[in-house]
Every structure is written in C-alpha cells, then in structure tokens.
Amino acid sequence: MSVKTAIYPGFFDPVTNGHLSIINRGLHVFDNLIIAILHNPQKTPLFSVEERIKMIKQSIKGQPRIEVDTFDGLLVDYAVKRNSNVILRGLRALSDFEYEFQMALMNRKLNRDVQSIFLMTDYKWFYTSSTIIKEAASFGGDVSGLVPKVVNEKLKEKFQQLKKT
Ligand code: PNS
C-alpha cells in the first residue's frame with residue numbers, strides 16, 4: 001500500500017485546539033500530514049511565520065508523521081510539489097460551508113487530481129476560530145482550554161507587548 005500524505009493548509013494565526021483536533025483525527029486517516037502555513041505578505045498576522053511554526057511544533061510535540069512547512073502561491077501547486085493529492089480541511093459551523101465549498105471547487109477547477117477532504121470539527125470547537133480567540137484574548141479574556149498552553153502564554157505576551165507600544 002502506498003503512503004498517503006495530506007496537506008492541512010491554513011494561516012494558523014495562531015494554532016488552536018480545534019486545529020489540533022483535526023490534525024489528530026487526520027492522522028487516523030492519513031499516514032502523514034503536512035501542516036502548510038500560507039505565507040501571505042498582504043495580510044498582517046498577529047504572529048510571524050516563525051512564531052507560528054514554533055507554536056505548532058511545540059503543540060504537536062515531535063509527532064514524526066507531521067511536518068510543518070510554509071507555502072505561497074496556489075495551494076494545489078504546493079500539493080503537487082509535495083507529491084500529495086489530498087487537501088484536508090476542518091468544517092465547523094454552517095457558515096464555513098459556503099467558503100469551503102467555493103475553495104474546494106476552485107481548487108478542483110485548478111487541478112482535478114487534487115481532492116479536498118473534510119472532517120467535521122468536534123462539538124467542543126464548534127464556535128472557536130483563531131480570529132475570535134485573538135479578539136477575546138486582546139481584551140484580556142480567558143481563552144485557556146481553547147488553545148494549547150504555549151499559545152495561551154504567547155497570546156498574553158503578545159497583547160501585553162502591543163499595549164506597551
Ligand atoms: O486559515 P484559513 O483562512 O482557513 O486558510 C485559507 C487557505 C490558506 C487554505 C487558502 O486561503 C489558500 O489555500 N490560499 C492559497 C491560495 C490559493 O490556492 N487560492 C485558490 C483557492 S481558493
């Protein structure tokens with residue numbers, strides 16, 4: 001049987017427990033996962049790419065079947081470059097559906113050999129996203145339990161730093 005590698009793409013600004021849940025479940029389906037962080041110079045992320053990679057690596061604790069990488073340009077081109085034909089995405093609320101559907105169809109139009117596979121998020125992470133977690137944390141809200149410990153610490157550090165500047 002051939003080894004199946006899936007690409008799990010996103011901004012991961014920062015990685016959340018919802019992402020980790022999809023990653024762990026993805027490992028039950030695929031042999032290897034490549035977590036692919038989009039490097040988009042037009043967006044101003046809270047965390048640099050280096051910080052995001054570090055937080056992901058600390059959160060997955062050396063799991064040998066996971067690689068963390070960055071990409072720019074088209075996702076389907078990156079998948080081909082990495083010898084994969086599967087894009088793994090998590091689906092949360094109904095509101096995700098339209099965007100994910102659109103993205104999957106566009107990716108399919110761009111390359112019919114690359115398949116998009118979706119895993120429903122666990123009910124625990126149904127309402128969370130990196131964006132809403134950052135917003136709550138920026139006002140001092142307690143987001144523990146929604147992100148890995150290392151991310152929680154980094155969020156506190158980052159918003160304290162930003163307050164000072
Ligand atoms: O974290 P996100 O916002 O859910 O990630 C979105 C991402 C990075 C998967 C998506 O924006 C993407 O794949 N961008 C790469 C550019 C691309 O291939 N665009 C065409 C398909 S929409």
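**Close-up views of the pockets, the ligand and the cavity**

**View 1. Six residues of the lining of the second largest pocket come from H6, the largest share.** The model is predicted: local features require pLDDT of at least 70 and side-chain atom pairs count only at pLDDT 80 or more, while totals for chains, interfaces and linings use all residues. Residues are numbered from 1 along each chain as its sequence is written, and side-chain values use heavy atoms, with hydrogens and water left out. A pocket is an open set of points on a 1 Å grid over the protein atoms alone, with protein on both sides within 12 Å along at least five of seven lines; its lining residues have an atom within 4 Å of a point. The second largest pocket holds about 190 Å³ of space, a volume being the space filled by probe spheres set on grid points that are joined across faces, edges and corners. Its lining consists of Ala137, Ser138, Gly140, Gly141, Asp142, Val143, Asn152, Leu155, Lys156, Phe159, Gln160 and Lys163. H5 and helix H6 (149-164) are the elements that give two or more residues to this lining. Helices (H or I, at least four residues) and strands (E, at least two) are DSSP runs, numbered from the N terminus. By class, four lining residues are nonpolar, five polar and three charged; Ala, Val, Leu, Ile, Met, Phe, Trp, Tyr, Cys and Pro count as nonpolar, Asp, Glu, Lys and Arg as charged, and the others, Gly among them, as polar.

**View 2. The largest pocket contains about 1100 Å³ of space.** Its lining comprises 44 residues, of which Gly10, Phe11, Phe12, His19 and Arg89 lie nearest the centre. At least two lining residues each come from E1, helix H1 (17-29), helix H2 (49-60), helix H3 (75-81), E4, H4 and helix H5 (130-138). H4 gives the most, with seven residues. The lining includes 21 nonpolar, 15 polar and eight charged residues.

**View 3. The ligand sits in the largest pocket.** To sit there, more than half of its atoms must lie within 2 Å of the grid points of the pocket. The surrounding shell is made up of Pro9, Gly10, Phe11, Leu38, Phe71, Gly73, Leu74, Leu75, Arg89, Tyr99, Met103 and Asn107, a residue being near the ligand if one of its heavy atoms lies within 4 Å of it. Strand E1 (5-10) and helix H4 (94-110) each contribute at least two shell residues, and H4 has the largest share, three residues. Eight shell residues are nonpolar, three polar and one charged.

**View 4. One cavity of 30 Å³ or more is present in the structure.** A cavity is a set of grid points where a 1.4 Å probe fits but cannot get out. The largest cavity holds about 30 Å³ of space. It is lined by Ile87, Arg89, Glu100, Met103, Ala104, Asn107, Ser116 and Phe118.
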